[in-house]
Structure formats: C-alpha cells, structure tokens
Amino acid sequence: METRVALIGIIVENTDSVQELNSILHVYNQYIIGRMGLPYHKKNVNIISVVVDAPQDVISNISGKIGRLKGI
C-alpha cells in the first residue's frame with residue numbers, strides 16, 4: 001500500500017485532553033516517524049508536531065480523532 005509522509009500540527013489549549021491525545025498517538029505509533037513538543041508560555045499553549053509515514057486513510061483517521069478532542 002502506498003504511504004505518504006505528513007506533518008500533523010497540534011495546538012494543545014487544554015491539558016486535560018493530553019492523556020487522550022497520547023492514547024491516540026500510541027495506537028498509531030507504528031506510523032510515527034517522530035514528534036516534537038514545544039511549550040509556548042506567552043500564549044499558554046503547547047505545540048506538538050507529529051511526522052507520520054502512513055496511508056492517506058490512516059492520516060485522515062489520526063487527524064480526525066485528534067480534531068475531535070476538546071481543547072486540542
């Protein structure tokens with residue numbers, strides 16, 4: 001199956017949802033090439049970049065699940 005390299009950008013405004021976010025990323029860990037998180041104290045948010053190599057439908061599933069989290 002053909003895969004794509006994609007960057008998923010995540011802005012965390014509510015840290016109460018971080019456990020759910022990490023659970024989603026854990027489920028798809030086989031596709032994750034790397035991730036980087038940066039706290040941005042000035043705006044009181046955390047910024048996470050996740051690079052994946054996955055089929056398009058998997059990328060859409062990850063993004064959709066993350067997008068439905070409150071405060072993310």
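Modeller: What follows is a set of questions about terms, each answered by setting a value against its definition.

Modeller: This is a predicted model, in which local features need pLDDT of at least 70 and side-chain atom pairs count only at pLDDT 80 or more, whereas totals for chains, interfaces and linings use all residues. Residues are numbered from 1 along each chain as its sequence is written, and side-chain values use heavy atoms, with hydrogens and water left out.

Colleague: What does S17 touch?

Modeller: Contact means heavy atoms within 4.5 Å, and S17 touches L69, K70 and I72, not counting residues up to four places away in sequence.

Colleague: What makes the pair of S17 and K70 a polar contact?

Modeller: A polar contact is a pair of N or O atoms within 3.5 Å; within protein, one must be able to donate a hydrogen and the other to accept it, and residues adjacent in sequence count only if both atoms are side-chain atoms. Here the backbone oxygen of K70 lies 2.5 Å from a polar atom of the side chain of S17.

Colleague: How do you know that the buried residues of α1 line one face of the helix?

Modeller: In α1, L21, I24 and L25 are buried. Seen down the helix axis, the buried residues of α1 fall within an arc of 95°, so they line one face; the arc is that of the directions from the helix axis to the C-beta atoms. An α-helix has 3.6 residues a turn, so residues three or four places apart point the same way. The face of α1 turned away from its buried side carries the exposed residues Q19, H26 and V27, while the cover over the buried residues includes β1 (4-12), β2, β3 (45-54) and α2 (56-67).

Colleague: Why are the strands called paired?

Modeller: Two strands pair if DSSP finds at least two bridges between them. Eight bridges join β2 to β3, and nine bridges join β1 to β3, so both pairs meet the definition. M36 stands opposite S49 in β3, and the bridge partner of I8 in β3 is V50.

Colleague: What makes β1 and β2 edge strands?

Modeller: The three strands form an open, antiparallel sheet in the order β1-β3-β2. β1 and β2 each have a single partner strand, so one side of each is left without a neighbour in the sheet.

Colleague: What is meant by a nonpolar core, and which residues touch the most other members?

Modeller: A nonpolar core is a set of buried Ala, Val, Leu, Ile, Met, Phe, Trp, Tyr and Cys residues joined through side-chain atoms within 4.5 Å. The largest has 17 residues, of which I10, L21, V50, V52, I62 and I66 touch the most other members. β1, α1, β3 and α2 each supply at least two residues of this core.

How values were computed:
Buried < 20%, exposed > 50% of the residue type's maximum accessible area, 1.4 Å probe, protein only. Helix = DSSP H or I, 4+ residues; strand = E, 2+ residues; numbered from the N terminus.
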